[in-house]
Amino acid sequence: MIIIKKHKGFGDTVAAVAEVTGIKSIVESITEDCGCNERKEKLNNPNLLINKIFYGTEQDIQVLRKQPESSGEKERVSEGA
């Protein structure tokens, strides 16, 4: 039976890949604390753009898709010569 876990952010995905590939067990055999949990929590920050795009709600995605009304540049007026 395959159990699919819902990742709450990029940190969960990185941790899952490290575990599946065996990187986690190699690092744990070398050192006691690799900082994995701290890294995971930092990468799960909901304000990171990658989390808003791939793990965000539909509302987050709609906010990111909104086009700014102007690019911030002054509009150039072409003057006739």
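Biologist: Which residues are exposed on the other side of helix 1?

Modeller: This is a predicted model, in which local features need pLDDT of at least 70, side-chain atom pairs count only at pLDDT 80 or more, and totals for chains, interfaces and linings use all residues. Residues are numbered from 1 along each chain as its sequence is written, and side-chain values use heavy atoms, without hydrogens and water. Exposed means over 50% relative accessible area, buried under 20%, and partly exposed in between (1.4 Å probe, protein chains only). On the other side of helix 1, the exposed residues are Val20 and Thr21.

Biologist: What arc do the buried residues of helix 1 cover around the axis?

Modeller: The buried residues of helix 1 are Gly11, Asp12 and Ala18. They lie on the same side of helix 1 because their arc, taken from the directions from the helix axis to the C-beta atoms, is only 130 degrees.

Biologist: Against which helices do the buried residues of helix 1 pack?

Modeller: Helices are DSSP runs of H or I with at least four residues, strands are runs of E with at least two, and both are numbered from the N terminus. The protein chain has 5 helices and 0 strands. The partners of the buried residues of helix 1 are helix 2 (23-30) and helix 3 (36-43).

Biologist: How far does helix 1 reach from its first C-alpha to its last?

Modeller: Helix 1 spans residues 10-21, which is 12 residues.

Key. The expected span of a helix is 1.5 Å times one less than its number of residues. Contact means heavy atoms within 4.5 Å.
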